[in-house]
Amino acid sequence: MATLHTVNKSPFANQSLLSCLNHVKDGDSVLMIEDGVYGGLAGSGLSDAVAAKAGSVQVFVLQEDLEARGIDAGRLIDGVTAVGYDGFVNLVAETDRTQAWL
Amino acid sequence: MSDVKKFLYVNRKAPYGTIYALESLEVVLIGAAFEQDVSLAFLDDGVFQLTKGQKTDGIGVKNFSPTFRALGDYEVTKLYVEKESLEERGLTEDDLQEIMYEDEDDDWEEKPSIRIVSRAEMADVMADQDVVLSF
């Protein structure tokens with residue numbers, strides 16, 4: 001019974017990503033979309049918090065939103081995976097519920 | 001009635017800075033007509049929605065906080081409030097308004113709708129739902 005969590009705000013603007021990470025269960029997935037993709041950047045003040053969860057939950061960023069912002073997938077935290085819209089759809093279909101962290 | 005689903009409305013925003021909180025309450029009241037198993041979650045700034053003593057005359061918007069006390073009449077009786085979110089904001093349960101419902105299965109005894117839960121318990125509540133609606 002896994003949940004897909006989506007985060008669409010920059011983690012440097014509000015607490016949504018941190019609150020999400022504080023409520024995920026093992027086996028859940030987190031998908032960063034829109035400005036949320038900045039949460040996937042390696043070397044930021046929040047990278048350690050994301051990396052610490054990347055073992056027990058799967059962490060994804062939306063490729064199109066990365067590209068739009070000029071972020072190369074090589075800049076992502078180890079264990080964070082870029083997926084396209086098709087991957088987004090698969091995640092929604094594979095999980096039992098989707099929870100948006102607005 | 002196997003078609004009853006568990007709905008959770010997640011409230012994470014303070015009441016008057018944006019329209020999210022009021023819209024959430026409107027959707028809860030609409031959804032109550034469909035006789036589903038409804039719960040509300042209040043965490044992060046969402047806990048500010050339930051404080052007592054709100055007076056909005058001076059800012060020219062509707063004070064919708066009394067409406068939470070009507071939810072029991074619509075069989076919405078589970079309001080989960082996260083303890084850590086209260087504490088981070090210097091609040092305790094005493095700062096929240098009293099919200100009661102009459103339990104039809106217990107001789108209409110008045111019971112509190114607000115249930116203070118830990119962050120871990122809130123995660124369990126979230127994971128136990130069929131549908132999660134976020135505001």
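Biologist: How many helices and strands are there in chain B?

Modeller: This is a predicted model. From the N terminus on, the elements of chain B run β-α-β-β-α-β-β-β-α-β. The count in chain B is therefore three helices and seven strands, where a helix needs at least four residues and a strand at least two.

Biologist: What radius of gyration does chain B have, and what does the globule rule give for 135 residues?

Modeller: Along its principal axes, the C-alpha trace of chain B spans about 45 × 30 × 30 Å. Chain B is as compact as a globular protein of its length, because its radius of gyration is close to the value from the globule rule. The two values are 15 Å for chain B and 14 Å from the rule.

Biologist: What confidence scores accompany the model, and what is the average pLDDT of chain B?

Modeller: The model as a whole scores ipTM 0.89 and pTM 0.93. In chain B, 99% of the residues score at least 70. The average pLDDT of chain B is 96.

Biologist: Is B:Phe135 buried or exposed?

Modeller: B:Phe135 lies in the segment after strand E7 (131-134) of chain B. Its relative accessibility is 16%, and the cut-off for a buried residue is under 20%, so B:Phe135 counts as buried.

Biologist: Which residue of chain A is in contact with B:Phe135?

Modeller: Neighbours within four places in sequence are left aside here. The contacts of B:Phe135 in chain B include B:Tyr9, B:Val10, B:Arg12, B:Tyr20 and B:Val27. The contact list of B:Phe135 also holds a residue of chain A, namely A:Leu102.

Biologist: Where does B:Thr67 lie, and which residues does B:Thr67 touch?

Modeller: B:Thr67 lies in the loop between strand E2 (37-42) and strand E3 (79-82) of chain B. At 22% relative accessibility, B:Thr67 counts as partly exposed. Not counting residues up to four places away in sequence, B:Thr67 touches B:Leu25 and B:Leu29.

Biologist: What is the relative accessibility of B:Trp108?

Modeller: B:Trp108 lies in the loop between strand E4 (100-103) and strand E5 (109-112) of chain B. Phi of B:Trp108 is near 60°, a positive value in a residue other than glycine. B:Trp108 counts as exposed, because its relative accessibility is 53%.

Biologist: How far apart do the centres of the positive and negative side chains of chain B lie?

Modeller: Chain B has 14 positive and 30 negative side chains. The accessible surface of chain B comes to about 7200 Å², of which 48% belongs to carbon and sulfur atoms. The centres of the two charge sets lie 6 Å apart.

Biologist: Turning to chain A, which pattern of helices and strands does the chain follow?

Modeller: Chain A has four helices and five strands. Its radius of gyration is 12 Å, close to the 13 Å that the globule rule gives for 102 residues, so chain A is as compact as a globular protein of that length. Read along the sequence, chain A follows the pattern β-α-β-α-β-α-β-α-β.

Biologist: What percentage of the residues in chain A is buried?

Modeller: The accessible surface of chain A comes to about 4600 Å², and its C-alpha trace spans about 35 × 25 × 25 Å along the principal axes. Of the 102 residues in chain A, the buried ones make up 49%.

Conventions:
Residues numbered from 1 in each chain as written. Chains lettered and ligands numbered in written order. Predicted model: local features only at pLDDT ≥ 70, side-chain atom pairs only at ≥ 80, totals over all residues. Heavy atoms only, no water. Rg over C-alpha atoms; globule rule 2.2 N^0.38 Å. Buried < 20%, exposed > 50% of the residue type's maximum accessible area, 1.4 Å probe, protein only. Areas by Shrake-Rupley, 256 points an atom, 1.4 Å probe, with all protein chains shown as cover. pLDDT = per-residue confidence, 0-100. Lys, Arg positive; Asp, Glu negative; His and termini not counted. Charge placed at Lys NZ, Arg CZ, Asp CG, Glu CD. Contact = heavy atoms within 4.5 Å.
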